[in-house]
Amino acid sequence: MSLLSTNISSVFLKSCFYNASGCLCVTKEDILKVYNSDSGAVISKSCTFSPREGNPKPRYFENKYGSINSMGMPNKGYRFYTYMSNYLLELGDSKPCIISVSGLDFDELLTMLSYIDNMVKRPEQLVEVNLSCPNIPGEAQVSYNFKKMDNCLKQIFSNKYKKIKIGLKLSPYFDPSHILEVSNIFKKYPLHFLTCINSLGNGMIINPETDKASIVPKKGLGGIGGLYCKPIALSNVFQFYKHLGDKLTIIGCGGVQSGQDVYEHILCGASAVQIGTQLVREGPRCFTRIEQELKEILIKKNIKSIKELCGSIHKL
Ligand code: DHB
């Protein structure tokens, strides 16, 4: 075990941070950039049954506080990302490749999960089921419909899987009663991890150069990432860790730009942390910088491992 190493369920990561799904992970070229960086893992773009082009452009915009996106799930289809996981395994390095799967269509989701379980060569394949995409016109986020989410999980776990370890990517929740309610649903199922949080859905950012909405799809509404998200992300990590931290791994996502931001997510209960907007802005060298910053903080505070830090705010 080294200073920054961690586990997601039983899967080992040399370093506790990696890309957020959607960021630098649609094509083989992108995925290889993250794989060849100092990230601890690589996660794919959320995939659907059939490849998708996504929404019309412009569909991504950023300012100094964060980003807005309405990509509309452009991806190369689930078979491609299954192939990529096997391809990276054969490169020999033991870096985990997590497959993100869209939960928009339950029938497709069940088909994709069975296929991945049968085809992956890793003994343990992490799969992040994305129940929180805000950007498909006419489709509500599943994670805000608790009955539907419970039903989805019931269908998923009525199957037995050999290799895949399933976790969920969640929307931000803004009321502790909602977090308690969904935590009680999650307790019924053998989930391995929760990723908190996806983008803040249906925000709007005006482009100051044009006085118009900065992106085109959904009349300018899109998922907000970056610094705007950090307090909500920390609060969701903190609350889910309190309810479920003894049962599953919490992965933090939202507003991470520096080693201090990673540190705060882990303090609140994350075992690993994803980086989105800052990765798009800075490229994969952000992992090298953040690694150095985080190491310096841990050494200064005499913290010996991520495990020691994880959730320690709850012990005060
Ligand atoms: C997209 C955006 C998301 O926040 C998400 O979770 C999945 C997909 C998108 O628009 O592609």
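This is a predicted model: local features need pLDDT of at least 70, side-chain atom pairs count only at pLDDT 80 or more; totals for chains, interfaces and linings use all residues.
Two elements, α2 (78-91) and β7 (97-102), each give two or more residues to its lining, and β7 supplies the largest share, namely three residues. The residues that line this second largest cavity are Ile 31, Ser 44, Tyr 81, Met 84, Cys 97, Ile 98 and Ile 99, and by class they are six nonpolar, one polar and no charged.

How many cavities of 30 Å³ or more does a search of the whole structure find? The search finds two, and the largest cavity holds about 40 Å³ of space. Its lining includes Met 73, Leu 104, Asn 130 and Gln 141, and by class that lining has six nonpolar, five polar and no charged residues.

The largest pocket holds about 710 Å³ of space, and of the 44 residues that line it, the closest to its centre are Ser 21, Gly 22, Cys 23, Tyr 60 and Asn 69. The lining of the largest pocket divides into 18 nonpolar, 21 polar and five charged residues.

The second largest pocket, finally, holds about 320 Å³, and of its 15 lining residues the closest to the centre are Thr 6, Asn 7, Ser 271, Lys 307 and Cys 310. Elements that give two or more residues to this lining are β1 (6-8), β15 (249-253) and α10 (306-309).

Definitions and conventions: Residues are numbered from 1 along each chain as its sequence is written. Side-chain values use heavy atoms; hydrogens and water are left out. On a 1 Å grid over the protein atoms alone, a cavity is a set of points where a 1.4 Å probe fits but cannot get out, and a pocket is an open set with protein on both sides within 12 Å along at least five of seven lines; lining residues have an atom within 4 Å of a point. Grid points are joined across faces, edges and corners, and a volume is the space filled by probe spheres set on the points. Ala, Val, Leu, Ile, Met, Phe, Trp, Tyr, Cys and Pro count as nonpolar, Asp, Glu, Lys and Arg as charged, and the others, Gly among them, as polar. Helices (H or I, at least four residues) and strands (E, at least two) are DSSP runs, numbered from the N terminus.
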